[in-house]
Amino acid sequence: MNCGSDPVHRALHAAGVCLCALSTNKPPMQQLSVEEAGQMAGLFGFTLHQLSNGRWVARDEARGLQTPDGAGISTAHATDDLGNLVVRARCADSLAGPMTIAEATEQLARLGFELRGGHHRTFGQEWWATSQAREVSTGTWLNLKRVLSAARAIVVADGLVERRQERMVDLTLQLQPLDLDPRPRLRPIASAREEAAARPAAGAAEQLSLGLDVADALPAPWRPRHRKR
């Protein structure tokens with residue numbers, strides 16, 4: 001724990017309500033009033049809320065966090081145990097990270113996902129994201145950064161599949177060149193019959209023309225010359 005340079009952690013450490021309270025060599029915890037506990041939790045974005053049974057929970061509305069959460073809030077803290085509530089809120093703050101609902105919604109929209117949330121009776125607030133275009137869901141997670149990580153993983157996986165498919169298409173095209181010649185069209189029956197009927201006449205004309213050409217090419221007939229007496 002960096003309690004030397006982080007002012008929030010230093011203030012929590014002085015009261016014994018930082019994450020060091022989870023370790024073996026934990027600092028002594030002070031007895032906190034409601035006002036003091038509220039000030040401590042406010043250093044990292046949480047506010048205290050009293051339930052109908054008189055116990056307390058800590059909430060961060062911007063990030064959609066509440067601690068303790070789920071299980072019917074049976075583990076909410078009594079007024080004389082607010083120090084442990086601050087510790088639990090700090091732990092939830094560390095696990096969830098600084099991402100807010102608005103930030104997660106914006107970043108998921110860029111990936112083509114829509115943020116959704118619900119409340120599980122055992123685990124409490126859960127988040128997930130869906131993409132109608134990809135027909136996929138990230139599955140449920142307990143904080144927003146996990147949802148965003150899952151959505152990014154889906155996009156990366158889809159990109160790998162698309163590139164693999166494009167590569168397979170390229171290889172297939174290389175192995176099987178395209179036949180760009182148009183297919184011969186079938187001639188109409190009437191045209192075929194007319195061509196067959198006209199073929200003899202065309203053949204005779206061709207022979208006649210050939211005979212004339214050959215005759216023109218032959219030399220003039222030879223005749224013996226008569227000597228003069």
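## Close-up views of a predicted model

**View 1. Helix α3 gives the most to the lining of the largest pocket.** Its share is six residues. The model shown here is predicted. Strand β3, residues 65-67, and helix α3, residues 82-96, each supply at least two residues of this lining.

**View 2. The largest pocket holds about 440 Å³ of space.** It is lined by 18 residues. Closest to the pocket centre are Leu65, Gln66, Ala92, Leu95 and Leu142. Sorted by class, the lining of the largest pocket has 10 nonpolar residues.

**View 3. Three strands form an open sheet.** Their order is β1-β2-β3, and the pairing is antiparallel. Strands β1 (47-50) and β3 stand at the edges. Each has a single partner strand, so one side of each is left without a neighbour in the sheet. From one strand to the next, the twist averages 30°.

**View 4. Strands β1 and β2 are joined by four bridges.** Strand β2 covers residues 56-60. The two strands run antiparallel.

**View 5. Helix α3 lies across the strands β1, β2 and β3.** The helix runs at about 145° to β3. Both elements return from the pocket view: α3 and β3 each supply at least two residues of the lining of the largest pocket. Strand β3 is also an edge strand of the sheet, with a single partner.

Technical notes
Residues numbered from 1 in each chain as written. Predicted model: local features only at pLDDT ≥ 70, side-chain atom pairs only at ≥ 80, totals over all residues. Heavy atoms only, no water. 1 Å grid on protein atoms, 1.4 Å probe; cavity = no way out; pocket = protein on both sides within 12 Å on 5 of 7 lines; lining within 4 Å. Points joined across faces, edges and corners; volume = space filled by probe spheres on them. Nonpolar A, V, L, I, M, F, W, Y, C, P; charged D, E, K, R; others polar. Pairing = 2+ DSSP bridges. Axes fitted to C-alpha atoms, helices over the stretch in contact; angles between N-to-C directions. Contact = heavy atoms within 4.5 Å.
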